[in-house]
Amino acid sequence: MNINNTSPTSIREIEPGCSLNGTVKVPGDKSISHRSLLFGAISEGETTIEGLLPAEDPISTAKCLRSMGVKISPIKKGEIIRVQGVGLDGLKEPDKILDCGNSGTTMRLLLGLLVGRQKRHFILTGDSSLRKRPMKRIISPLTMMGATLHGRSNGEFAPLSVVGTQLHGAVIGTPVASAQIKSAILLAGLTAEGKTTVIEPANSRDHTERMLKAFGANIKVSGEMGRHITVESGSNLIGTTIIVPGDISSAAFWLIAGALIPESDIKIENVGLNPTRTGILEVAQQMGIKYKIENKKEIAGEPVGDINVVHSRHLKPFNLDNEIMPRLIDEVPILIVAACFCEGTTRITGASELRVKETDRLKVMTTQLTKMGANIEENPDGVIIKGIEKLNGAGVDSETDHRVAMSLAIASLLAKGKSTITRSDAADVSYPEFWNDLTRLKS
Ligand code: S3P
């Protein structure tokens, strides 16, 4: 296997033909990294963060917070990051536009944080991908709490402007199970008068609930399956120590690569195993992937463990629907690659949310894998994939989406002949060391 970064436009050549072996430590969880910075910023005192993801998305969050007067130490690999909290009402009005880059989590969670900062004015924007992503889903519930927010196309798209105001609590049912919507409402609830309750149609990732509790917020989870989350204003957040586990969404690439590439044997260390994120492991089991979880423990309120995976033959096709979707939403692109090699037909439904991620992932994965000879049919809310013996090497494009870039890398390792991936540097958004780890694991 040969991986060449051939030009400054980040076209990478990948030649298949090698197993992947050894140990890999995936970078810190992206969702927890964003929240560590955001919650640390609005706390009293210092928050220290070990294992923060040193990638473009959390760096966007840090830059926005610094523009509002929060002191955050430089974000470098392997360093403990220190955030000097300014308290719940301490964020300053920035004298420039807040640039959220490619990061939907930065923009959506910040909106929840900023709407209650009275008499201060904020303008948020992002890159061309983020400016196309739906924001009404955040603006509508925050408006129900009394927020003043405006955006392009009647509030659907960034750039967005916010004038902070005194909010009031509300009971809000969210139409989609989205941790970003839930978190924005809960963050607004921290300074709203009275109680704010979010009711989700299904459980989305619960890092906000766990972490706000650790920072001292008055937050309760109740109702059927814990889908009612209530926050009450009145208590200050207090800075704390956070240890960020490895990101299961990044581990997913090695789990699938290890299972599919003959003679592979990979140990993925220190992976976050929060049950709202482990849908990929449920599916891996159904497929017949041979993996084991070892060294399971709880670190800073989150379950973590090492995942050992070995090459697994005769993988079974699987079905995904809207029930499991929130638990593996970011892993669908790599699962589509896995489905190409299952013995039979895989059906993915209930996945229309994939269309409003960094790219329209259903369309992009279908387009790119079709170039490699995959048998894949795109539907409005999912895809149907018929397993085949081999993909063919081809020229493919990440279309600027980090998870697409990494999924196509794994697909290329399994193809017949060389592939080239254009805009492969998109991986920097969540996993800057991905290409180095890939080179290291090849034997
Ligand atoms: C995230 C939630 C998910 C996920 C995203 C990160 C978060 O989005 O896709 O990568 O950190 O809250 P939704 O909440 O919109 O499903």
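Helices (H or I, at least four residues) and strands (E, at least two) are DSSP runs, numbered from the N terminus. This is a predicted model, where local features need pLDDT of at least 70 and side-chain atom pairs pLDDT 80 or more, while totals for chains, interfaces and linings use all residues. Numbering starts from 1 along each chain as its sequence is written, and side-chain values use heavy atoms, with hydrogens and water left out.

Me: Which strand is Thr47 found in?
Reply: Look at the run covering residues 44-50. Thr47 belongs to that run, strand β4.

Me: Is Thr47 buried or exposed?
Reply: Buried means under 20% relative accessible area, exposed over 50%, and partly exposed in between (1.4 Å probe, protein chains only). Thr47 has 0% relative accessibility, so Thr47 counts as buried.

Me: Which backbone nitrogen does the side chain of Thr47 reach?
Reply: Thr47 is in contact (heavy atoms within 4.5 Å) with residues including Phe215, Gly239 and Thr240, leaving aside neighbours within four places in sequence. At 3.3 Å, its side chain reaches the backbone nitrogen of Thr240.

Me: How many Å separate the centres of domain 1 and domain 2?
Reply: The chain is split into domain 1 (3-27 + 245-441) and domain 2 (30-243), with bounds from an automatic or database domain assignment. Taken over C-alpha atoms, their centres are separated by 29 Å.

Me: Which residue forms a salt bridge with Arg137?
Reply: A salt bridge puts a side-chain nitrogen of Lys or Arg within 4 Å of a carboxyl oxygen of Asp or Glu. Between domain 1 and domain 2 the count is 3 salt bridges. For Arg137, the closest N and O atoms are 2.8 Å apart, and the partner is Glu353.

Methods:
Polar contact = N/O pair within 3.5 Å; in protein donor to acceptor, adjacent residues only side chain to side chain.
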